[in-house]
Every structure is written in structure tokens, then in C-alpha cells.
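Please examine the protein shown here.

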Amino acid sequence: MRKAVYGSLFLSILHSILFFGQDLGISVLLFAIPAVFLLIMMLKKHNKIKNDKALYLAIPILLLSSTYLFFNNEFFNVINMIAIPFLLGVMIVWTISDTFKIRTLFGKSVNLVIGSLEFIPNVLKRIKEALVLKKNDEEDKNKKIKQIGIGILCSLPLLIIILALLISADGIFANMFGELYDQIMYIFNVEFWLRIILIAIVFIYLVCIIYNIVFKESTLNSDNSNPFTWNLKVDGTIVNTVLTIINVVYLLFSSIQILYVLRYLFINPLSIAGDFEFAEYARQGFFQLMLVSFINFVIIIITNSNNKEKNIENKYTKIMNVLMSVFTIIIAVSAFMRMSLYEREYGYTFLRLMVYVVLTTEIIMIIPTIIYIIKGKFNIFKTYFIIAITMYTIVNFINIDATIARKNVNRYIEQKDISTKREIDFSYLRYNTGTDAIPEIVRLYNNVSDEKIKREINNYLYSQYNDVKEERNWQEFNISKQRAKDILKKINLNYIKYNYKNDNRYNDYL
């Protein structure tokens, strides 16, 4: 445990240097790299690696950590503070486990985060053993050096109090030692003690986690948890009847959707709406269809696990589940088309683009789902987990704020038909995008003709420049903010007074 103690002490000090009183930036990546390295090293040193494939989770962990360096998306900045520790915990638990089981991973992950605290008494002893000098022929000399060090530390609080009293009591003494006292107070201020407390807490907690991992008798290392199995058994005829009825409904719905899509692609885009107004039709139903596709996944998993015997009823169940998978793809594509129609008319937002991500993820998940239906013995939850993590990591690197701004600006600039002129919803860009969108907003500023919007953009860019031009510590370095600073520095911006309260364009967004 000596290396674990020293490694944890290094990480706790690094944590204080990188994060205490700092905004997140390159610091997240600089902390994640040694943290992942230390944990993997401890797992290898104590022969705890049962599933080395789980270590590949270090890739999305480091990639997500690097987003704080490259991008400045407020939503992902918050979510990734949960996602990164979560993935780190899953990586550890999955590595020391023989198989991937959702129930086991969840239980052991909670144990790793919370259960590690029960080892605080054991850990304090280990820390003492690791930090105390080893006994040798010069034991007395080492003991004396240690006692002198303890005496110096104990004298500091008394020295501060006595110096303060003597300086206030005598002016000559104050002239001689006042500067020394100021230096001592500058070093040992409230921030210093808060840093020490934070370092101690992080240090002890990290050692507790490592101790929980390597301690053979910990709950984390026990294999006495019963595997989760489906106990639900329903008669095959009932299951097949339910699946048949649902698939008939999906067949009718899918036929209608296919006809509308064909009319949209080959006849007239507006004819897809039929008697509905274009925008209302486009908006109508994509969230509901997305929920339906989720429900289909649950139905397939449950019904396919209901009966494992090789009989006619089971084969029919598999056929119905495959059909439902195909209908799920059609439903997802329909929702995809509806969202595309709505965006063309009303522009692009974060939530609307995220609908595409979710729908694409569902369509990708259909492929392993069909394999699961046909083969049977297939860890579908593990596959879903890997696909979800992969898609989440990819969407972090799409630079979604820049994408939203680019699509909206293109939609405004490239429009040709004056009769159907589309306005730019700058108020959304103003309040819902960060510095990632600055290059596109500058492009809009250079191409917009509406003086009112141009004034709004001017004031927004002016306030953004005042923010990004402020000096920041190296721990807070962010490429997106630096790029915005370089771009805005070239523009001569001055604040223009404007009463925004009288502007009725600030509405709620989808």
C-alpha cells in the first residue's frame, strides 16, 4: 500500500493545484491522466484484472476529460462531471468482475463510491505505516529529526499569535518583524488551511478506494451476489398474441409513414402534411415516436427472455420480435423525418439536434437486438452500454453549439425566396450557446442586414469579449475561449445602448 499512499498523496495535491478556486479547463485532462494511470497500475500490481477489455473504458474517460480543453458547452460541462467519475467506477468494477451484469456493476459501483468510507480506520493505519520512516541503525537520529519537524509545525500557530501581540505592542519591533509577519499571514491564510483540509479529504478518500479494491475481504471483491435472472414466465400463446396485435398496428402505421415519406421525396414536400398545417404536422409526434421505440426495446427484451425452449411458439416469438425491430427502425426514421421538417421551418436548437442523436443511437442498437433475438445467448445490455458510451463520447466532439449556430446562420444567409423569408432567432443563440458558437455569430454579424439584430449581436460580442479577454490561470486554459478571444480582438466593438425589455422576441424554446 506504500505506492498507493504516495500516489494518492500526489493526486490529492495535484487536485488542489488544478481545481481549487479555478474554472475547469485543461486541468480536468491533466488530473484524469495520472488518476487513470494510478488506478490501472494498482489493479495490475495486485492482480485484480479479471477482464482487461474493461480497461478500454479509459479511452472515453480521457476523451471526455479533454472536452474541457477543446470546447465550452455548458450542458456537457455539467453532465461530464458526473459521467467521467461514473465511467471510472464502472471501469474498475468491470475490470475486477468476471462478467458484465448490470445489477452487479451497479451494486459494486455504489459500494466503491460509498462503501470505501468504512475502511477509514484501516486506511489511517496504512497511511501512518507508509509515511513513518523505516527503522535502521540511525533510528534515534531519524526519530529526532521527525520530532524537530513536529515541533516546528506545532510552533507555527503560537508564533503567529505571539508575533501579532508583540507587533501591536511595540512600534520598533513592528518595523523589524512586521514584514515577516505579513509574509507568514499571506502564506498561512484561510485559503491555505482550506487547501490543506481539501488535500487531506481527497487523500484519505483515494486511499480508501484503492484499499477497497485490493482488500480481499471487502464486499467489492466478494462474488456471493446472486446473478439476476428473469423469473417472469408467461404462456407462449399469450405472448405471441400480444406481439401479433402490436405488430399489426405497427404495420398499419409504418405503411402510412412509408407512403408519406415517398410523397415527400418524390412529389412535394408540403403534401406530406395533408390536411394538417405544415409546421404542426412536422412537430406532431416525434417525441411520442421516440418513446414508442424505447417501449419496443423493453418488449423485445422481456418477450425474448420469456421462453428459451426450441419449439414452434418460441420461433414465432422470434419472428414477431424481428418484425417489431424492423417497425422500430421505421418509427425512428419517421420521427427523424418529422424533426427534419420542423427544423427547416423553425431553425435548430440543442434539444432538436439531440433528438437526432437519440434516434441514431436507437437505430444502431437495433442491429445487436436482432442478433440477440436470433442467437439468444448474447449479452445485450453490455452491447447497449458500449453503444451508448460511444455515441455519448462522439456527440461531445461534434461541437454542438458551433453546429447549431452554423446551421441557423446558413439557414438565414442562404435563403433565396424572399416570399418565405426566415428570420434568425438570435435570442436563442445569445442565451443558449457558448464561446464555441462565436465564429459563426461573427459571420452572422458580418452578413445581417437588420439593424436591430446587428445591434444585439454587437452588444453580445462586446460582452463576450470582455469576458474572454480576462487573464486566467493556466489551469483554466480552454481552446474555445482562446479562439473566441483572438477572433473578437480583431473586431472594433463598442457597446450600443438598447432596451431589451421592450423586445417581445424572447420566447421559450423547444
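This is a predicted model: local features need pLDDT of at least 70, side-chain atom pairs count only at pLDDT 80 or more; totals for chains, interfaces and linings use all residues.

Residues are numbered from 1 along each chain as its sequence is written, and side-chain values use heavy atoms, with hydrogens and water left out.

Q: Are α2 and α3 roughly parallel or roughly antiparallel?
A: Helices are DSSP runs of H or I with at least four residues, numbered from the N terminus. The axes of α2 (residues 26-45) and α3 (residues 58-70) come within 6 Å and cross at roughly 160°; axes are lines fitted to C-alpha atoms over the stretch in contact, and angles run from 0 to 180 degrees between N-to-C directions. Angles under 35 degrees count as roughly parallel and those over 145 as roughly antiparallel. Therefore α2 and α3 are roughly antiparallel.

Q: How many charged residues are there in the contact of α2 with α3?
A: Contact means heavy atoms within 4.5 Å, and among the residues that meet are Ile26 and Val36 in α2 and Ala58 and Leu69 in α3. Ala, Val, Leu, Ile, Met, Phe, Trp, Tyr, Cys and Pro count as nonpolar, Asp, Glu, Lys and Arg as charged, and the others, Gly among them, as polar. The contact of α2 with α3 divides into 11 nonpolar residues, 2 polar and, as for charged residues, none.

Q: What is the volume of the largest cavity?
A: A cavity is a set of points on a 1 Å grid over the protein atoms alone where a 1.4 Å probe fits but cannot get out. A volume is the space filled by probe spheres set on the points, which are joined across faces, edges and corners. The structure holds 3 cavities of 30 Å³ or more, and the largest cavity has a volume of about 90 Å³.

Q: Which helix gives the most to the lining of the largest cavity?
A: Lining residues have an atom within 4 Å of a point. The largest cavity is lined by 13 residues, with Phe71, Asn73, Phe76, Asn396 and Asp436 nearest its centre. Two or more residues come from each of α4 (74-95), α15 (380-396) and α16 (400-413). The most, 3 residues, come from α4.

Q: Are α16 and α18 roughly parallel or roughly antiparallel?
A: α16 and α18 (residues 438-447) pack with their axes 9 Å apart, at an angle of about 20°. Therefore α16 and α18 are roughly parallel.

Conventions
Angles under 35 degrees count as roughly parallel, over 145 as roughly antiparallel, 65 to 115 as roughly perpendicular and the rest as oblique. On a 1 Å grid over the protein atoms alone, a cavity is a set of points where a 1.4 Å probe fits but cannot get out, and a pocket is an open set with protein on both sides within 12 Å along at least five of seven lines; lining residues have an atom within 4 Å of a point.
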